[in-house]
Amino acid sequence: ERAVTNFVLFRVRRDREAFLDAIEARGVMMVPYAGGSIRAVTHHGVDADDVDRVVAVVADALRATT
């Protein structure tokens, strides 16, 4: 059976706090998680367009941080 979840854990190869600050400045909130990870969570009402926007924000923030 396949598990379904509304969150993603990932790591970035740069300063995690700088990355989180960069996405927050662009209107996206994620939180630090154990082991150097970042936790991203979707909620009711989040649609494919919202996810596409977050992907674009994350890409932009990755380009802007080290």
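The questions and answers below go from the overall fold to a charged patch.

Biologist: In what order do the elements of the protein chain run from the N terminus?

Modeller: Bear in mind that this is a predicted model. The chain has 2 helices and 3 strands. From the N terminus on, the order is β-α-β-β-α.

Biologist: What share of the residues counts as buried?

Modeller: Buried means under 20% relative accessible area. The chain has 66 residues. Its C-alpha trace spans about 40 × 30 × 15 Å along the principal axes. The buried share is 21%.

Biologist: Among contacts between residues at least 6 apart in sequence, what percentage joins residues at least 24 apart?

Modeller: A contact here needs heavy atoms within 4.5 Å. Take the contacts between residues at least 6 apart in sequence. The part joining residues at least 24 apart is 67%.

Biologist: How far apart are the mean positions of the positive and negative charges?

Modeller: The chain carries 9 positive and 10 negative charges. Their mean positions are separated by 8 Å.

Biologist: Which residues gather in a patch of negative charge on the surface?

Modeller: Patch members need over 30% relative accessible area and no salt bridge. Like charges are joined within 9 Å. The patch consists of Asp15, Glu17, Asp21 and Glu24.

Technical notes: Residues are numbered from 1 along each chain as its sequence is written. This is a predicted model: local features need pLDDT of at least 70, side-chain atom pairs count only at pLDDT 80 or more; totals for chains, interfaces and linings use all residues. Side-chain values use heavy atoms; hydrogens and water are left out. Helices (H or I, at least four residues) and strands (E, at least two) are DSSP runs, numbered from the N terminus. Buried means under 20% relative accessible area, exposed over 50%, partly exposed in between (1.4 Å probe, protein chains only). Lys and Arg count as positive and Asp and Glu as negative; His and the chain ends are not counted. The place of a charge is taken as NZ of Lys, CZ of Arg, CG of Asp or CD of Glu. Patches are made of residues with over 30% relative accessible area and no salt bridge: like charges are joined within 9 Å, nonpolar side chains (Val, Leu, Ile, Met, Phe, Trp, Tyr) within 5 Å. Accessible areas come from the Shrake-Rupley method with a 1.4 Å probe; for residues, only the protein chains shown count as cover. A salt bridge is a side-chain nitrogen of Lys or Arg within 4 Å of a carboxyl oxygen of Asp or Glu.
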